[in-house]
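Please work through the exercises below with the coordinates open, trying each task before reading its solution.

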Amino acid sequence: MVELYVPQSHAEDVSTQSLFEYASFVNADGIIAYISDPDEEIEPVKKINGESIPTVTIGQFAANINQVSYVGNSYWELGQVFGNEIISNIKDGGAVLIQAPRNITNINYSNLTNSMLTIIKKQDNFSYNVVNNIDEILLQSIKNNDILLVGLTEEDTIKLAQLYNETRSSKNIGIIGFGNNETCQTYLSKGTVKELISQNPKKIGESAIRELIEYRNKKYANSYVVSELLINRGVK
């Protein structure tokens, strides 16, 4: 039997630690947990017989969680994909503005940004900048009429899409973002966002279950599984 707890229902305002303790209460054979904060710390939980409950994590990798496997991004590979998509979307030149994630000091996003820059810095037909805050004033100050905005997180992708809808600029602005949630998909379908790069949620789920069963049957699992990336190109 599988029980699902998501923020929109049972888990509203309930801590991740409380959900882990609930898994212990029901004597679960395993846990698959979505982690949104890489600094998350969770006390290990046990079954009634004292055995530790194996945990597979998805989302952000949190080193402080006792997990048998993590299924998620290779941030270096993700950066390579972003870099190549930037190049293919600004072939005729222009300016690229990359919104720096708020947690850019996190090693994951540092790897992503460094990987992306190793790709695009080889190009000489466009300029690029990693910016702490992209706003309408900055857009108006760009001399080039062709501007490509890049959001590396779902939050930043939505922010850039909202900026695009609110700006009165006559410039040709495109957006490449990251994410697979409903809001991001809506902006993609409307043409506000040109491309969304995301994980393949179906493959992540399959891998997480596979690793959990592997651990239950053989007492070992792959400690790190790289998830497949999707590139969803919207309205041309």
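**Exercise 1.** Does Phe25 count as buried or exposed, and at what relative accessibility?

*Solution.* Since this is a predicted model, the value to examine is one computed from its atoms. Phe25 has a relative accessibility of 68%, and the cut-off for exposed is over 50%, so Phe25 counts as exposed. As for its place, Phe25 belongs to helix H1, which covers residues 16-25.

**Exercise 2.** Determine why strand E2 is described as largely enclosed by the rest of the structure.

*Solution.* Because five of the five residues of E2 are buried, the strand is largely enclosed by the rest of the structure. Next, consider the pairing: E2 runs parallel to E1, to which five bridges join it, and it also pairs in the parallel sense with E3 (residues 69-72) over three bridges. Val56 illustrates both pairings, as it stands opposite Ile32 and has Ser69 as its bridge partner in E3.

**Exercise 3.** Locate Asp39 and identify the surface patch in which it gathers with other residues.

*Solution.* Asp39 lies in the loop between strand E1 (31-35) and strand E2 (55-59), and its relative accessible area of 58% makes it exposed. On the surface, Asp39 gathers with Asp37, Glu41 and Glu43 in a patch of negative charge.

Notes
Residues are numbered from 1 along each chain as its sequence is written. This is a predicted model: local features need pLDDT of at least 70, side-chain atom pairs count only at pLDDT 80 or more; totals for chains, interfaces and linings use all residues. Side-chain values use heavy atoms; hydrogens and water are left out. Patches are made of residues with over 30% relative accessible area and no salt bridge: like charges are joined within 9 Å, nonpolar side chains (Val, Leu, Ile, Met, Phe, Trp, Tyr) within 5 Å. Accessible areas come from the Shrake-Rupley method with a 1.4 Å probe; for residues, only the protein chains shown count as cover. A salt bridge is a side-chain nitrogen of Lys or Arg within 4 Å of a carboxyl oxygen of Asp or Glu. Lys and Arg count as positive and Asp and Glu as negative; His and the chain ends are not counted. The place of a charge is taken as NZ of Lys, CZ of Arg, CG of Asp or CD of Glu. Helices (H or I, at least four residues) and strands (E, at least two) are DSSP runs, numbered from the N terminus. Buried means under 20% relative accessible area, exposed over 50%, partly exposed in between (1.4 Å probe, protein chains only). Two strands pair if DSSP finds at least two bridges between them.
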